[in-house]
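Good morning, and thank you for making time on the agenda.

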Amino acid sequence: MQIELIDIGYFYADGGAMFGAIPKTAWSKRYPSDETNSCLLAMNCLLVRTGNGRIILIDNGAGTKPLKKLSYYRFFNLRDLLTVLKEKGISREQITDVVLTHLHFDHCGYTTLQDSLSGALSLAFPGATHWISREQWVHLENLHPLEKESCFRENVELLADSPSLKLIEKKTSISSEITLDLFDGHTSGQLVPYIKTPGQTYVFAGDVIPLAACISPEWISAYDTYPLISYHEKCRLLEDAAQKNHAIIFCHDAYIRCATVKKINDFYKIAEK
């Protein structure tokens, strides 16, 4: 089994939005920002090769379709995901599974491709099973006003009538190595994959804990639609990780990609980077 974190580009987000009610005098000690108060964020997805023929992609970044609508995020150093996979000897047809943690633009944009001339959409990974939570899929049809600028139907709409769409309603194992659990708070029904290897369990935390700097449960992003729920869900993930020595993958952290955590009294700390 092989797992590999793939960096497919960067963007900037306002520090106040990323850290919510936490003052800059506190969060700036953990995460840098530029003169405009913007924090550099990575877009990382995870490639898992199980060794028995399955090639699983977890999240796929923003793609290229909505970028003109999102110029204020200042995307840069974007890498074409299909090209990156090709460099690793993987064609788009070989991807067997795509897991989308949630349907915000920076996590599912490469699910569909758009023809530059006709504008027609096609699935980027036509042979893959696409795993999404049912709550997240239903939520897309009735978006909360706070999420209308984060979700674009063209990213996933082709899946609506496709047999490749698998909707998750509860904690589910999609292989002997990968289990998907559900976490609310940032958005409804976010999937968090747990990837078990012989020596370590990795947790792709998505936007439950997007940055290592957010390891404190009360450091909750203003992008989270249900912050009180976020607090308890972060505690659930962190308590389990600390007890079982899970390695947490931070999908948006441009500086710390993965770390184990430890609990000291009522506080959680990064234990190993």
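How many aromatic pairs does the count come to? The count comes to 13 aromatic pairs. Please keep in mind throughout that this is a predicted model.

A brief word on the description. A pair of aromatic rings is characterised by how far apart the centres are and by the angle of the planes.

Let me take two of the pairs in turn. In Y10 and F76, the ring centres are 5.7 Å apart and the planes stand at 25 degrees, so this pair is stacked; the cut-off for stacked is under 30 degrees. Y10 belongs to strand β1, while F76 sits in the loop between β3 (55–58) and α3 (81–87), so the pair ties together parts that are 66 residues apart in sequence. As to accessibility, Y10 counts as buried because its relative accessibility is 14%, and the cut-off for buried is under 20%. F76, with a relative accessible area of 29%, is partly exposed.

The second pair is Y31 and Y255. Here the ring centres are 5.2 Å apart and the planes are at 70 degrees, so the pair is edge-to-face. Y31 lies in the loop between α2 (24–27) and β2, and Y255 in the loop between β13 (247–249) and β14 (258–264), so this pair ties together parts that are 224 residues apart in sequence. Y31 counts as buried at 2% relative accessibility, whereas Y255, at 46%, counts as partly exposed.

Ring pairs link F11, Y72, Y73, F75, F105 and F152 into it.

I turn now to the largest pocket. Its volume is about 380 Å³. Which residues of the lining are closest to its centre? Of the 22 residues that line the pocket, they are Y73, H104, S150, H186 and Y223. Among the elements, β1 (2–14) and α4 (105–108) each supply at least two residues of the lining. By class, the lining of the largest pocket has eleven nonpolar, six polar and five charged residues.

Is S38 buried or exposed? S38 counts as buried, because its relative accessibility is 11%. S38 lies in strand β2, which covers residues 38–49. Its side chain makes a polar contact with the side chain of T36, at 2.9 Å. Leaving aside residues up to four places away in sequence, S38 touches Y12, A13, D14, G15, P32, S33 and R74.

K166 is found in strand β8, residues 165–168. With a relative accessible area of 37%, K166 is partly exposed. Again leaving aside residues up to four places away in sequence, K166 touches T129, H130, W131 and I132. Between K166 and N44 there are 122 residues of separation in sequence and 23 Å in space, C-alpha to C-alpha.

Finally, F267 is in strand β15, residues 267–272. F267 counts as exposed because its relative accessibility is 53%, the cut-off being over 50%. F267 and I215 are 52 residues apart in sequence, and their C-alpha atoms are 9.1 Å apart in space.

That concludes the presentation, and I welcome your questions.

Terms used
Residues are numbered from 1 along each chain as its sequence is written. This is a predicted model: local features need pLDDT of at least 70, side-chain atom pairs count only at pLDDT 80 or more; totals for chains, interfaces and linings use all residues. Side-chain values use heavy atoms; hydrogens and water are left out. Helices (H or I, at least four residues) and strands (E, at least two) are DSSP runs, numbered from the N terminus. Buried means under 20% relative accessible area, exposed over 50%, partly exposed in between (1.4 Å probe, protein chains only). A polar contact is a pair of N or O atoms within 3.5 Å; within protein, one must be able to donate a hydrogen and the other to accept it, and residues adjacent in sequence count only if both atoms are side-chain atoms. Contact means heavy atoms within 4.5 Å. On a 1 Å grid over the protein atoms alone, a cavity is a set of points where a 1.4 Å probe fits but cannot get out, and a pocket is an open set with protein on both sides within 12 Å along at least five of seven lines; lining residues have an atom within 4 Å of a point. Grid points are joined across faces, edges and corners, and a volume is the space filled by probe spheres set on the points. Ala, Val, Leu, Ile, Met, Phe, Trp, Tyr, Cys and Pro count as nonpolar, Asp, Glu, Lys and Arg as charged, and the others, Gly among them, as polar. Rings of Phe, Tyr and Trp (its six-membered ring) pair if their centres lie within 6.5 Å; planes under 30 degrees apart count as stacked, over 60 as edge-to-face and the rest as tilted.
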